[in-house]
Amino acid sequence: MINLAGRDILHSWGKFVLTGMGLGLLIGVTLTMAGVYRGMVDDAKVLLTNSGADLWVVQKDTQGPYAESSSIKDDVYRQILGLAGVARAANVTYLTMQVRHGDKDERTMVVGFEPDQPGEPGYLVAGRRLVRGHYEAIADVKTGFRLGERIRIRRHDYEVVGLTSRMVSSGGDPMVFIPLKDAQEAQFLKDNDAIIGDRARTAANPSLNRPGVPGLLDAINASQSSNRNVNAVLVRVEAGTAPDAVAKEIRRWKHLEAYTGTQMEDILIAKLIATAAKQIGMFLAILVIVSAAIVAFIIYTMTLGKIREIAVLKLIGTHNRTISAMILQQAVGLGLIGFAVGKIAATLWAPAFPKFVLLEPADAISGFVIVMVVCALASTLAIHAALKVDPAEAIGG
Amino acid sequence: MMEPAMEPAMDKGIHIEGLSKRYGAGDTAVDALKEVNMSVAPGEVIGLVGPSGSGKTTLLKCLGAVIEPTRGRMTLGGEVIYEQGWKIPDLRALRRDRIGFVFQAPYLIPFLDVTDNVALLPMLAGRSNSESRARALELLQTLDVAHRARAQISELSGGEQQRVSIARALANRPPVILADEPTAPLDSERALTVMRILNQMARQYQTAIIVVTHDEKIIPTFKRIYHIRDGRTVEEAGEGREIS
């Protein structure tokens, strides 16, 4: 038996392929949306993996340092180092801010870290690690910074001495790593005018500027202009030690919050990007509905264009199932072309997106199944119209 | 499966007695056909002529098992196919295997080539692709269009398309062909050529052919003509002019 659908497609392949390409671009957008979500999840996981920590110690009753702000004193890490099972502990700061690069600002997450401790970038793709205590930076390649370039963070210039990759915040902002002391200053230090104002107010306060107590005013001023806060302490536990057990001890004795990797992943994925995920989920649902409507419309229109042929086919004895199969096969064929075009398009344009787009094979397989099911369902409208065609229409009158 | 109700005494062509068709009911009922009688023998080509709205198309649809008559009796190839209801359970198979259709416009399937347009019917009847295509080629040769066997329909002239549609109508060797204004879009020469072909095919395949027409050019070629007016038929002898 002749494959009527195949012959019809071959007969008007140009129109069919162009229609499939149009549908394919829509499917490409749908796959990309799924890739954007996967990219967000992956960014969150990479952030945790690259920090090199087993535990995140943060301010009590907060879910910091990524999902909420957290502020703890920078000497807390010494107490934590004293706990059983702790191999290493190091202070870190995280601050999402604009970094001046030439004549424009780049949105980045500035990370303050201590060299050779948890929190430093795991690997470099170019340049070297920080060797000076101040004003050197390592940047993720997505910042667009180059080795030797100078960038401005708050009121200081930093030289980019190293480049790393896949170091982004949960929001997808590329990271810039600078020495911890510089980062504390950038995050907590007041500007000069505010310092001058504070000093004037302190000097004018008789209880803080007592004539009989030399050095008191200087001590208070020094206290106001220095900063001893960090956002978190990253902890690596000894081999064979359960991070949960150490976290429990920290919560109990240090009155701080401690999260394991699993808990932190839950905070990042289930809470921090949950709204964005719902947003993308809505987009995906709408795109699937729009795709289905478009496929249904295209197949319906194509079928209406063949009403006379369908009437003739029915008149000369073609089974309804043969006509239904023809329409179904065309819908599925359109879906196949659309999916192929969409997958290729998504693969080609994904790297151009500013944030990481992760196209997972499993999503592609799910997408393929959904496209086929949607096409099959969308063809039912056209099949219904075709089955209603009266063979008498071929005779006319 | 069809359950034949054979009547050996009946002609092998198509025979209708007292066929009526009423559309609607009550005050708005319209009798499109009123007690129509008609017989066409195998190998015979008859004309069915009448003004617009006289009931020609309704009669053609009844004969083609596309609409159901209200009452009467129809036999095809000696088998009763309608008498107080259809006697054939599978009308689709009846149309496919035992009735050929030729339309005013050829209505060929544009996405099939010439051979497959003709071979489609035997294939639908369950014959193998090779057998169906062999039969199609044989018919195309008989109708002098075998040289266009692999052509697309859009590449054919109007006359060639009509020949292919006649080949399609004959593909399952039906005992009857219903031709609805088959020469309307053709000039005199081509119209007469189509009529010559229909007559030749009727004789060669012993097919009864009913040609519905308004076409003055071809009316003299019929030996018998049924005039239909207000749903009733009147039979008269035609000129039966030979077509050179």
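## Rings, pocket and cores

Let's start at A:Phe368, which is partly exposed, with a relative accessible area of 31%; buried means under 20%, exposed over 50% and partly exposed in between, for a 1.4 Å probe and protein chains only. This is a predicted model, where local features need pLDDT of at least 70 and side-chain atom pairs pLDDT 80 or more, while totals for chains, interfaces and linings use all residues. Residues are numbered from 1 along each chain as its sequence is written, chains are lettered from A and ligands numbered from 1 in the order written, and side-chain values use heavy atoms, without hydrogens and water.

Now for the rings. Over all chains, the structure holds seven aromatic pairs (ring centres of Phe, Tyr or the six-membered ring of Trp within 6.5 Å; planes under 30 degrees apart are stacked, over 60 edge-to-face, the rest tilted). One of them joins A:Tyr135 and A:Tyr158 edge-to-face, at 5.6 Å centre to centre and 65° between the planes. A:Tyr135 sits in the loop between strands S5 and S6 of chain A, and A:Tyr158 in strand S8, 23 residues apart (strands are DSSP runs of E, at least two residues; helices are runs of H or I, at least four; both are numbered from the N terminus). A:Tyr135 is partly exposed at 28%, whereas A:Tyr158 is buried at 1%.

A:Phe339 counts as buried, at 12%. Over in chain B, B:Phe101, B:Phe103 and B:Tyr107 make one aromatic cluster.

Helix H12 of chain A returns at the largest pocket, giving two or more residues to the lining, as do helices H2 and H9. About 360 Å³ of space lies in this pocket. Of its 21 lining residues, A:Thr30, A:Leu284, A:Val288, A:Gly367 and A:Ile370 are the closest to the centre. (On a 1 Å grid over the protein atoms alone, a pocket is an open set of points with protein on both sides within 12 Å along at least five of seven lines, for a 1.4 Å probe; lining residues have an atom within 4 Å of a point.)

Finally, look inside. The largest nonpolar core has 118 residues (buried Ala, Val, Leu, Ile, Met, Phe, Trp, Tyr and Cys joined through side-chain atoms within 4.5 Å). B:Leu19, B:Ile166 and B:Val211 are among those with the most contacts inside this core. Apart from it lies another core of 32 residues, including A:Met33 and A:Val111.

Definitions and conventions: Grid points are joined across faces, edges and corners, and a volume is the space filled by probe spheres set on the points.
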